[in-house]
Structure formats: C-alpha cells, structure tokens
Amino acid sequence: ARVPVEARVQQRGRKLAATTHMLRFLAAVALGVAPLVDTTTLTCPDYGAIRDESVDANKFEITEFAGRWFMIASNEPTLPSFCLCGVNDVTVVIDAATPYYTYTNTDMCMGTLNISLPIKGVLSDDPLAPGLLMENVDVHNRTMGSLDPNMIFHVTRDESGTIAVAFTYACLGKIGLKERFSFNVLARSGSYSTDEIEAMVQAVNASAAGPLMDMDSLVYNDAGAYEQCGYL
C-alpha cells in the first residue's frame, strides 16, 4: 500500500531533523568537543528545580523573549567548535490557536560561512511557568519528531527593567551514546568581555541549580569574537 503524501512528508522531515542533529554532533565529535562515551549520570532536570523567581509569571512575560539574542556562552553539543558568534533571532506568536515561537540560530563557521538552523516550538501551557518551552528543528514550518524541553530558568535585567541576559537549558534527548544537554547564556548585546561572561556562568554554577545541569565544555563568544564576525 502506498504511504499517504502527508505521512511521507512527516517521515522525511523527521529523518532530516535527526540527520541535522547527528551531522552537527559527529562534526563536534571529530573535533574532540563531544565525547562518545557517557561520562555523566545527569538527567533532564525538572523545570521547578532549576528556575528561580526571576522567571515567575508575575515578573516575566514570554513576549520578552522575542528579538535578537547573542549566544555569549554555550556548550551546545551539536555545534562544532569552528562555529562561533552564535545569534538567535526569536519570534513569539501568542495570538495563534496554539501559541508558538520560532527562531533561527546562525553561526559563523570557519570564519566565512554562515550556517543557520531553524527551530520551532510551543509556548508553555502552564500560566505559572512561562519559561518552560518545547521545541525541535523546523522543517517546512513543521516541528519534526518529539519536542524537547528548552527552559528559560533565569534572567537578569538592566536599569530600565529590560531583560539583558537570559539563561536557558535544553534537554536534547539521546544523541550518539548518551543524553545530551545544552546550557546557554543569551544576551541582548554581544559586547561582554570573557571575564564578565565567566562571572555569569560561575554565579549559576554556584547556585542550587548548578549541580543539576551540564555546564562542561562551555564556549564563550566575547566582544572580540562578535566584532570579528561583523556584529559590532
């Protein structure tokens, strides 16, 4: 029996999403930034165990997540070490039948090549936890495969009250031989020094949430990197 066109499209999309993650992961393995052997016993933490009051519903609105973010620190396991200057351009749609968000992650690879990956996800259905997002690779305006948690667990604000830095933690499921996670520090500006970024990371590491998250092998993108990539 012939498989319906709709089903074939979804099957191909799921294969493409998995292949995209795997290719990026294998490139990272080849460069020694993603170990093949499981060296940790970490599992995906409960959102309530890592979030703090800065992302409570009475202090944080998901529409504040829209716009451009500079990925100033990340240990995204599918991203090869020769890809730097990560930028996420986020759109949040709250007036759809199923509220959703999309973003494109763009990285400068090997100094000249911009590589982009489209992501789409659904907003939290818990009014008390607006930072609990679910997402996956977006293929032809479809999220393929199961949706993975991407949790906004802490934000800091500038003197005007605008979010300056957002901290996220994503559980990517099993890639290769182990569960993979992605810790990210996203900033509205790419002008931070390495020392400033390190201080932010250390503050999270010293918090109650720190031991619950994989924060190893972080790559920093400081002001010098973003200037070299043409963003500053």
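What share of the 232 residues in the chain do buried residues make up? They make up 44%; buried means under 20% relative accessible area, exposed over 50% and partly exposed in between (1.4 Å probe, protein chains only). This is a predicted model: local features need pLDDT of at least 70, side-chain atom pairs count only at pLDDT 80 or more, and totals for chains, interfaces and linings use all residues. Residues are numbered from 1 along each chain as its sequence is written, and side-chain values use heavy atoms, with hydrogens and water left out.

**View 1. The elements of the chain.** The chain has four helices and 10 strands. Both are DSSP runs numbered from the N terminus: helices are H or I with at least four residues, strands E with at least two. From the N terminus on, the order is α-α-β-β-β-β-β-β-β-β-β-α-β-α.

**View 2. The cavity.** A search of the whole structure finds one cavity of 30 Å³ or more. A cavity is a set of points on a 1 Å grid over the protein atoms alone where a 1.4 Å probe fits but cannot get out; lining residues have an atom within 4 Å of a point. The largest cavity holds about 370 Å³ of space. Volume here is the space filled by probe spheres set on the points, which are joined across faces, edges and corners. Its lining has 26 residues, and Glu76, Tyr103, Ile119, Glu135 and Ser182 lie nearest the centre. By class, 13 are nonpolar, nine polar and four charged. Strand β8 (residues 163-175) gives the most to this lining, with four residues.

**View 3. Strand β9 and its partners.** Nine of the 10 residues of β9 (residues 178-187) are buried, so the strand is largely enclosed by the rest of the structure. Strands pair if DSSP finds at least two bridges between them. β8 and β9 run antiparallel, joined by 10 bridges. Cysteine 171 has phenylalanine 181 in β9 as its bridge partner. The two strands form a hairpin with two residues between them, and glycine 176 in the turn has a positive phi of about 75°. Strand β1 (residues 67-74) also runs antiparallel to β9, with four bridges. Here alanine 73 stands opposite valine 185 in β9.

**View 4. Two sides of helix α3.** Which residues of α3 are buried? They are Ile197, Met200, Val201 and Val204. These cover an arc of only 95° around the axis, which puts them on the same side of α3. The arc is that of the directions from the helix axis to the C-beta atoms. On the other side, Asp195 and Ala203 are exposed.

Conventions. On a 1 Å grid over the protein atoms alone, a cavity is a set of points where a 1.4 Å probe fits but cannot get out, and a pocket is an open set with protein on both sides within 12 Å along at least five of seven lines; lining residues have an atom within 4 Å of a point. Ala, Val, Leu, Ile, Met, Phe, Trp, Tyr, Cys and Pro count as nonpolar, Asp, Glu, Lys and Arg as charged, and the others, Gly among them, as polar.
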